[in-house]
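Biologist: I have a model open and want to learn how to read it. Can we go through it feature by feature?

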Amino acid sequence: MQVCVSVVFPIPFNRIFHYSLPLELESERLAGRRIVAPFGPKGRIGYIVDGLTRPRVKGIKMIKEIIDKEPLISTNLLELAKWISKYYVCSLGQALDIILPHNFRPVKLREKIKKTEIKVFSAFIPSPQQRRILKPIQNNIKEKSFTVFLVHGVTDSGKTEVYLQAIAQAQEVGRQSIFLVPEISLTPQFLSVFKQRFGSSRIGLWHSRLSQGERYRTWQSAYQGKIDIMIGARSTIFAPFPNLGLIIIDEEHDTSYKQEKRPLYHTRELAQKRAELEGATLVLGSATPSLEAFYRALTGIKPYRLLTLPERIYERSLPSVDIVDMREELKKRNTQGVLSQKLSEAIAERLERGEQIILFLNRRGYSTFILCRECGFVLKCPNCNISMVYHFNEKRVKCHYCNHHAEAPRFCSRCGSKKIRYFGTGTEKVEQVVKKMFPGAKVMRMDRDTMRYRHAAEKIFNAFRQRKVDILVGTQLVAKGWDFPDVTLVGIISADTALNLPDFRSAERTFSLITQVAGRSGRGPKGGEVIVQTYNPDHYSIKMALEHNYHSFYEREMEFRKELNYPPITNIVIILVRGKDEEKVITTSEKIGSLLKRELNQITILGPTPAVLDKIAGKYRWQIIIKTTDMKGIGEFFQRHYLGFEQKGMEISVDVDPLNML
Ligand SMILES: [Zn+2]
Ligand SMILES: [Zn+2]
């Protein structure tokens, strides 16, 4: 008798294939294993999603090879993949493909080098504030029930200790924990805290720079339950623990939790689904929770619960925040557009006292646009229709979207005039201005340009921690949860960069960035100050960030979201059509638009229109924005039509709950 299995492949359409296999495997669990099947000229790796069935048709092909001796994908992770495929519009094979590491193959392991075990410190005694919120979390872990706790704690409120005690609780009941951070390379300090508490042999680290061997070893030790804790960025959510009891997402608001390649998932939603499947506890922590999470927790949407840490630890006060109205500074000619008088005086004062300073600006490069004063020509990327950014060190202009670069022009390419001027400020210019104004100070810059090198984050982190640097100039990378007790001044060079973007989340981003950057100040006994430079001092996102008032910001922002029917009131789906042939891009997006209108009625459709960034890397971009609460209907629509939209030379992506509206 012949037996067969159901197999899916990581291809962009949802189809199940059947293959037969050797009879001796009949009695084993097959779902969740990988095989090589005769598919195409060479054969292809696929996933068994269903065990044995009787073949309904004749002539089913035999598989070529069974790769895995046991199922690598547990029943729960298989269920998670099915959910991903439905919600985020991809095939089941594509969803399974992100659960296992890329090119995952057994690697011959050399004898494990014995690591010197760091002395394990016993747990700290939590403060009354910490104890109050730990109790429900720990009880929930003991009860093994599925609940989502949103821990809203001001910056420096001692969230880490809450995380550590929750993990210890999971360990006590014999279950494992996943701890997610936005960017593992940026948080070396977390690691040492965890190692000191739990011992390094119980912890796995998961990040993109692991070698094949390290990756395999770490994966295996999680799979076999030899470690209890896995720490890493978003893909760590797939850690193959046999008995997962706790998932923690630190800095829950961080946009890096959204995956940028298909499937475009959000880690928070995946974590919620996985916790549900495993009967686990999910803890989300942030000083500035996403509106999505806070809305669910505040309105008690099950299984969300809100817990708050309203005060900083050790009775430290939140830093005092001062605002500088840059319009006034301009009138008084107090500025070259970079540092106001107030901020430069404050810097001088700290340098005198030997304290540290962080200067924040969310734009890298030197000048952010280049204009001809004779004819008004703005230098734009030929592929993207976006302003080129001048980089001083390399003396080149670069496009930050497609990486096109060229020599900095000395003449206008339209009229030949020499009157070319460089406007706008990036981190490179801030660094230069500061070095010129304070020649004795040691200045370091931290942005995507200086972080390209291996271990760059650790080097900057250590130099700053060891006080070898006085002033750190950086982009949002400096806002990601760092803890430097000697920083007593944070200067926000411009609070307006995010505010002016055509995105409904621009106020939320602005509030969050100011609060997070400001939170780097005053984390030691000396206290701290924040100076914010802005041309929009009356905007509510800036005003309420200065007052450290998340609740008022939330109320005000929700009015706007309700009025215009934006998330978290509704869901958004963006369909983006890209291609080199503009005509085809337009007709394809129109075709999709009219199909949507015909088949779904509980939705609002905006477009098709050119995207805000209407051309990137030579490809035209048109989009359709859907607002809906009927996510099931949307999912079914794409299951029906997805394949039909695919055309040669055309890329169609569906972004469910997008974070980037450009
Ligand atoms: Zn010109
Ligand atoms: Zn470009």
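Modeller: We will take a metal site, a helix, one histidine and the nonpolar cores in turn. Keep in mind that this is a predicted model.

Biologist: Start with the metal. Which residues are the protein donors of the zinc ion (ligand 1)?

Modeller: Look for N, O or S atoms within 2.8 Å of the metal. Here the SG atoms of C372, C375, C412 and C415 are the donors. They lie 2.3 to 2.4 Å from the zinc ion.

Biologist: What arrangement do the 4 donor atoms make around the zinc ion?

Modeller: Check the angles. Four donors count as tetrahedral if all angles lie between 85 and 135 degrees. The angles here are 108 to 110°, so the arrangement is tetrahedral.

Biologist: How are the donor residues spaced in sequence?

Modeller: The pattern is C-x2-C-x36-C-x2-C.

Biologist: Is C412 buried or exposed?

Modeller: Buried means under 20% relative accessible area. C412 has 5%, so C412 is buried. C375 has 28%, so C375 counts as partly exposed.

Biologist: Now a helix. What should helix 6 span?

Modeller: Count 1.5 Å times one less than the number of residues. Helix 6 runs over residues 212–223, which is 12 residues, so it should span 16 Å. Its end C-alpha atoms are 16 Å apart, which agrees.

Biologist: How many residues of helix 6 are buried?

Modeller: 9 of its 12 residues are, so the helix is mostly covered. Among them are R215, Y216 and W219. Strand 8 and strand 9 are included in what covers the buried residues. After the helix comes G225, with a positive phi near 70°.

Biologist: Where is H641?

Modeller: H641 is in helix 17, residues 631–645. Its relative accessible area is 17%, so H641 is buried. Leaving out residues up to four places away in sequence, H641 touches L595 and E599.

Biologist: Last, the cores. Why look for them?

Modeller: In soluble globular proteins, nonpolar side chains tend to be buried together. The largest nonpolar core here has 115 residues. L96, I247, I492 and L596 touch the most other members.

Biologist: Which residues does L96 touch?

Modeller: Setting aside residues up to four places away in sequence, L96 touches V8, Y47, V49, I73, L78 and A81. There is also a second, separate core of 27 residues, including V162 and I229.

Methods: Residues are numbered from 1 along each chain as its sequence is written. Chains are lettered from A and ligands numbered from 1 in the order in which they are written. This is a predicted model: local features need pLDDT of at least 70, side-chain atom pairs count only at pLDDT 80 or more; totals for chains, interfaces and linings use all residues. Side-chain values use heavy atoms; hydrogens and water are left out. Helices (H or I, at least four residues) and strands (E, at least two) are DSSP runs, numbered from the N terminus. Buried means under 20% relative accessible area, exposed over 50%, partly exposed in between (1.4 Å probe, protein chains only). Contact means heavy atoms within 4.5 Å. Donors are N, O and S atoms within 2.8 Å of the metal (3.2 Å for Na, K and Ca); water is not among the atoms, so sites may look incomplete. Four donors count as tetrahedral if all angles lie between 85 and 135 degrees; four count as square planar and six as octahedral if opposite donors are over 155 degrees apart and all others between 65 and 115; anything else is irregular. A nonpolar core is a set of buried Ala, Val, Leu, Ile, Met, Phe, Trp, Tyr and Cys residues joined through side-chain atoms within 4.5 Å.
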